[in-house]
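Dear colleague,

Please find below the structure that I am handing over to you.

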Amino acid sequence: MVKERARILIVGGGYVGMYTALRLQRQLKPELKRGEVEITVVSPDPYMTYQPFLPEAAAGSISPRHVVVPLRRVLDRCRIVIGEVRSIDHAKRTATLTTLATEEEGAGAEQIAYDELVLAPGSVSRTLPIPGLADYAIGFKTVEEAIGLRNHVIEQMDIASSTRDPAIRDAALTFVFVGGGYAGVEALGELEDMARYTARYYHNLKPEDMKWILVEASDRILPEVGEEMGRYTVSQLRRRNIEVRLETRLNSCADRVAVLSDGARFPTRTVVWTAGVKPHPVLAATDLPLNERGRLKSTPQLTVDGASHAWAAGDAAAVPDVTAEPGKETAPNAQHAVRQAKVLGDNLAHTLRGEPLETYSHKYVGSVASLGLHKGVAYVYGRKLRGYPAWFMHRVYHLSRVPTFNRKARVLAEWTLAGLFKREIVSLGSLEHPRAEFELAAGGKPPTDPKGSS
C-alpha cells in the first residue's frame with residue numbers, strides 16, 4: 001500500500017509518457033481501485049505516435065490511423081487532459097497549462113497540483129534561421145506531416161504532368177531532404193520508392209525525370225548503423241539516382257530555390273527538414289536543473305538530480321549510461337525511451353510504497369533502418385545486414401514494439417494486403433482544407449498553401 005494519497009502528473013503522451021502511465025496502471029492497480037493514487041496525463045494530442053512507422057505511412061504502406069495509439073483507450077485508469085503545460089513550479093508542486101477550452105472560456109491558463117511529477121515532453125524539431133525555411137519547408141515528426149508530405153509529393157507529380165512550363169516542371173519534380181539521420185533517410189527512401197512506382201501511371205513522367213537530393217552536414221549518414229553500413233547506404237541511394245551531398249548545409253530556400261553551402265542551387269517546391277531535434281521548450285520554463293544542452297539532469301534511477309518527487313526519461317532527460325564509461329549518457333532514441341519508461345514506472349511505484357529503487361541499465365543492441373520496399377540496413381548485436389534481410393528485420397522489430405495487440409494485428413494485416421495488391425497512389429490533399437469547396441460555393445476564395453500544395 002502507498003503511504004498516503006498521491007497525485008501523479010505525467011507531462012507528455014509520447015513513448016515515455018504513455019509507457020510510464022501503462023506501467024503505473026499495472027503496478028498500482030489495487031491503489032487506483034481504492035482511490036489512493038490518481039494519475040493525470042497532459043498531452044497536446046489524444047494519441048501517441050509510433051514514429052518509426054511514419055515513413056511507411058507516408059509511402060502508403062500503413063494507414064495513418066494505425067500509426068497512432070489512442071491514449072484514452074489504453075490508459076483507461078488515467079485522467080487524460082488534452083493541452084500543453086506552459087510552466088512548472090516544482091517548489092510549489094504546481095503546473096500551469098492551457099487546454100482546448102482555455103481560449104473559449106477566456107479565463108486564462110489553469111493550474112494543476114501534483115505530488116509526483118514525470119516530465120516526458122519529448123523533443124521538437126531543431127531549426128536554424130535559414131531564409132525561407134519557415135515559409136516553405138516541412139518537418140517529419142508527426143503523422144500529419146507524414147501524410148501531408150505524401151499528398152504534396154503526388155500533387156507535385158500532378159503539377160509536373162500538366163504544366164507546359166519546363167521551369168515549373170523541374171521545380172515540382174525536385175525534392176530536397178535536409179538531414180541524414182533516421183528520419184531523413186527513411187523518409188527519402190520510402191517516398192522515392194513510392195514516387196517511382198506512382199510514375200508508371202503518368203503518361204508523360206518517368207522516374208528519371210525526378211531529382212531527389214539528400215543534404216547532410218557531417219561526413220556520413222545513419223551513424224547509428226556504423227560507418228561501413230553508412231557508406232553502403234550512400235552507395236545504394238546513389239544507385240537509385242539519389243544525390244547524397246555530405247559535408248553540405250542548406251543556406252537558403254527562399255523563393256523556392258534551395259541554395260547549398262557547396263554553391264549548388266535547386267529550384268524546388270519541396271524541402272523536408274529533418275536536421276535533428278532539441279529539448280522541448282517547457283523544460284526551460286521549470287525550476288528543475290538542466291544541463292548545458294537544455295536537458296534535465298537525471299540519475300540512473302531516473303529521478304531528476306537534486307529534486308525530490310521529480311522524474312524524467314527519454315529525449316527530455318540526460319540519463320547516465322551505467323554500461324559505458326563515466327560521463328556517458330544514454331542516446332535519446334525510442335529503444336532507450338521504452339525501456340526507461342518501464343523502470344521509471346516501477347521506481348515511482350517503489351517510492352510510493354517505500355521500497356528501494358532500481359537502476360536503469362541497458363546496453364544499446366543496434367539499429368535497423370528501411371530504405372524503401374524490400375531495402376534496408378541493420379546493425380544488431382554486432383552483425384551487419386543489408387537488403388531484404390535488413391528490411392525484414394526492420395519490420396519484425398517494429399511490429400514487436402508497436403503498442404497494443406490491436407495495432408500489431410492491424411499493421412500486420414495491412415502489410416499482408418499490401419503484398420497481395422498494388423500500392424495506393426491517391427493524394428488526399430483536400431483533407432487539409434475540408435471547407436474549401438463549401439467556401440468556394442458560398443462565394444469565398446479557396447485557401448492557399450504557402451508550401452505549394454493545391
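This is a predicted model: local features need pLDDT of at least 70, side-chain atom pairs count only at pLDDT 80 or more; totals for chains, interfaces and linings use all residues.

Aromatic rings

Eight aromatic pairs are present in the structure. One of the pairs joins Y388 and F392: the ring centres lie 6.4 Å apart and the planes meet at 15°, so this pair is stacked. The cut-off for stacking is an angle under 30 degrees. Both residues belong to helix α12 (residues 388–401), where they are four residues apart and thus separated by about one helical turn. With a relative accessibility of 46%, Y388 is partly exposed; F392 is also partly exposed, at 46%. Elsewhere, a single aromatic cluster is formed by Y15, Y50, F53 and W415.

Helix α10 and its surroundings

Helix α10 covers residues 227–239, which makes 13 residues. From its first C-alpha to its last, α10 reaches 19 Å, close to the 18 Å expected at 1.5 Å a residue. The buried residues in α10 are M229, G230, Y232, T233, V234 and L237. Their cover includes the helix α9 (182–198) and the strands β12 (211–215), β13 (242–245), β22 (366–372), β23 (375–380) and β24 (383–386).

Just after α10, N241 adopts a positive phi of about 65°.

Yours sincerely

Definitions and conventions. Residues are numbered from 1 along each chain as its sequence is written. Side-chain values use heavy atoms; hydrogens and water are left out. Rings of Phe, Tyr and Trp (its six-membered ring) pair if their centres lie within 6.5 Å; planes under 30 degrees apart count as stacked, over 60 as edge-to-face and the rest as tilted. Helices (H or I, at least four residues) and strands (E, at least two) are DSSP runs, numbered from the N terminus. Buried means under 20% relative accessible area, exposed over 50%, partly exposed in between (1.4 Å probe, protein chains only). The expected span of a helix is 1.5 Å times one less than its number of residues. Contact means heavy atoms within 4.5 Å.
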